[in-house]
Amino acid sequence: MGHPVKVFAPASVANVAVGYDILGFALEQPGDDILVREGSKPGLVISEIKGGKGKLPLDVMKNTAGYAAHRLMEHLGETDAPIEMVIHKKMPFGSGMGSSAASAVGGVYAVNEYLKTGLTKNEILRFAVEGEEIADGAFHADNVAPSLLGGMVLIRDNPSLDFKKIHLPQGLYVAMIHPHIKILTKDSRDILNDQVPLDLVIRQSGNLAAFIAALYTSDIDLLGRCLQDVIIEPQRSRLIPHFRHIKEMAMGLGALGFSISGAGPAMFALCSNSLIAENIVLEVERFLTDEQIGNSCFVSKINNEGAIKY
Ligand code: HSE
């Protein structure tokens, strides 16, 4: 068997206001570390989960990292390979920053590297999405694809995983706001109305198309006009205390756009430079602390590499 392999899989921001279930980008931090090495008996075993407050299952079939890796091993006909996995959760779950996706990505990527399969990241994407699916019951790659591949990823079609990594202008920064309340993705999905009025579909389509065009042409003014979610944010924002006020603060401080990160409660502000992002973090941190809401707020660039071995 090969040498031990350690990988890092980053957090991500899904939906990005205008692309519910079909758009996401990777962050530099936080993320999960996953180590795999030779096990003492046939098959994949999760021997330890550090972090995660003891709430994540060691059972391979119930753990997003374990299940994603298992699906790869099944595909290879290698389910008996003796592999031990150690998961170091370095990010909270139920945060809206793609925690279960980062674990799924880390699990399958680590085992793929360990077994030296020669499969590319694109070829293992499906197994990572299947891993995340056991957490929220839905097959969507808007967290998994950016965590694995890096950058901003648009998924044209989730079932067939037809995706495209989108060109990014230089100099974009993200202010991440994470109030320490927990929202489970499944709950946040269950409240959504599955009927959408046609006029809102038209507006959201315009915003999504313009957002992609703005990224390709580095048109910052256009970026600032199109990051408006008229379908999902109005339904989910009531789950997040002071959402409207925090959004007004961020936009007043010069954000290009502001919305819920994934299923929440984390929020993101896309900014044209680091100074604006830092100001937003400082002001919102102060506000949430005054309101006695525990929080972690930070600035990140968009991570263009995704999961890495180190
Ligand atoms: N697109 C997903 C959602 C991301 O908003 O529910 C979280 O898994």
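Predicted model: local features only at pLDDT ≥ 70, side-chain atom pairs only at ≥ 80, totals over all residues.
1. A polar contact here is a pair of N or O atoms within 3.5 Å.

2. For Asn15, a side-chain N or O atom lies 2.7 Å from a ligand oxygen atom. For Arg236, the distance from a side-chain N or O atom to an oxygen atom of the ligand is 2.8 Å. How much of the ligand's own accessible area does the protein cover? The figure is 97% of 260 Å².

3. Now the shell. It holds 14 residues. Asn15, Asp21, Asp142, Arg189 and Arg236 are the closest. By class, six of the shell residues are charged, five are polar and three are nonpolar.

4. Where does the ligand sit? Its space is the largest pocket. Two elements each supply two or more residues to the shell: α3 (121-136) and α5 (185-190).

5. Why does the ligand lie between domain 1 and domain 2? Because both contribute shell residues. Domain 1 spans 5-166 + 305-309, and domain 2 spans 173-301.

6. Asn15 lies in the loop between β1 (5-14) and β2. Its phi is near 80°, a positive value in a residue other than glycine. Most residues other than glycine have a negative phi.

7. Check the backbone at two prolines as well. Most peptide bonds are trans. The bond from Gln29 to Pro30 is cis, with omega near -10°. Pro30 is part of strand β2 (residues 23-38).

8. The other proline is Pro265. A cis peptide bond links Gly264 to Pro265, and omega there is about 5°. Pro265 falls in the loop between β8 (257-260) and β9 (267-271).

Conventions. Residues numbered from 1 in each chain as written. Heavy atoms only, no water. Near = heavy atom within 4 Å. Polar contact = N/O pair within 3.5 Å; in protein donor to acceptor, adjacent residues only side chain to side chain. Areas by Shrake-Rupley, 256 points an atom, 1.4 Å probe, with all protein chains shown as cover. 1 Å grid on protein atoms, 1.4 Å probe; cavity = no way out; pocket = protein on both sides within 12 Å on 5 of 7 lines; lining within 4 Å. Sits in = over half its atoms within 2 Å of the grid points. Helix = DSSP H or I, 4+ residues; strand = E, 2+ residues; numbered from the N terminus. Nonpolar A, V, L, I, M, F, W, Y, C, P; charged D, E, K, R; others polar. Domains from an automatic or database assignment.
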